[in-house]
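Have the model open while you read.

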Amino acid sequence: MKAEQADKKPENFDSINDYIEYLRQEIKVDAAELEKLSDEKRMKYQAVGLGLYVKNIEEKQGMKLDPAFLKVVPEMINLGYTAQDIGNLMQSMKKNGVNDMKMYPEFMKGELFPGTPERKQVFTSVKDMVEQHFNGKEFNLGQELDKLADKAKD
């Protein structure tokens, strides 16, 4: 709602983060007006806000957060993985040379060809995330990968 009311747009700023801070600090929303929002308008504003936060993460991390990846994030959380785990996955993928998170669901769906560098890079990153998630506790990597793959295929 703030973005709609603002005179300035993201392109007026050096970064999306600067724009978000501008919206937080400079644009005020009438609480009564917020209460009267229809469900449709509320969803519209939430989608715009989510888009800004996704762009902010992409900018800060130097990674593309593909919609296919964003779709599986809630499923990962339903399996008990946390935002920290997902951040670890992103960092590991970047470290391993993967800059587009669409590779995660592609890997989980079996769409990356065996033996390719991309498949190896994503596998290593997912393995790192799972190991960090369990933090020294015993787990079965194959079972965890199957659970994650099942959620990516839904």
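In this predicted model, the second largest pocket holds about 190 Å³ of space. A pocket here is an open set of points on a 1 Å grid over the protein atoms alone, where a 1.4 Å probe fits, with protein on both sides within 12 Å along at least five of seven lines. Grid points are joined across faces, edges and corners, and a volume is the space filled by probe spheres set on the points.

**Second largest pocket**
- Its lining (residues with an atom within 4 Å of a point) includes Leu50, Tyr53, Val54 and Ile57, along with Leu65, Phe69, Leu70 and Val73.
- Ile77, Ala83, Ile86 and Met90 line this pocket as well.
- Helix 4, helix 5 (67–78) and helix 6 are the elements that give two or more residues to this lining.
- The class count for this lining is 12 nonpolar, no polar and no charged residues; Ala, Val, Leu, Ile, Met, Phe, Trp, Tyr, Cys and Pro count as nonpolar, Asp, Glu, Lys and Arg as charged, and the others, Gly among them, as polar.

**Largest pocket**
- The largest pocket has a volume of about 370 Å³.
- It is lined by 17 residues, and Met1, Lys2, Ala3, Tyr45 and Gly49 are the closest to its centre.
- Helix 1 (2–5), helix 2 and helix 4 each give two or more residues to the lining, and helix 4 has the largest share, with eight residues.
- This lining splits into 12 nonpolar, two polar and three charged residues.

**Overall build**
- The protein chain has nine helices and zero strands; helices are DSSP runs (H or I, at least four residues), strands are E runs of at least two, and both are numbered from the N terminus.
- Along the principal axes, the C-alpha atoms fill a box of roughly 55 × 30 × 30 Å.

**Helix 2 against helix 4**
- The axes of helix 2 (residues 16–26) and helix 4 (residues 39–61) come within 8 Å and cross at roughly 140°; axes are lines fitted to C-alpha atoms over the stretch in contact, and angles run from 0 to 180 degrees between N-to-C directions.
- That makes helix 2 oblique to helix 4 (under 35 degrees is roughly parallel, over 145 roughly antiparallel, 65 to 115 roughly perpendicular, the rest oblique).
- The contact has six nonpolar, two polar and four charged residues.

**Helix 6 against helix 8**
- Helix 6 (residues 83–95) and helix 8 (residues 117–134) pack at about 145°, with axes 8 Å apart.
- This contact has five nonpolar, six polar and three charged residues.

**Reading notes**
- Residues are numbered from 1 along each chain as its sequence is written, and side-chain values use heavy atoms, with hydrogens and water left out.
- Local features need pLDDT of at least 70 and side-chain atom pairs count only at pLDDT 80 or more, while totals for chains, interfaces and linings use all residues.
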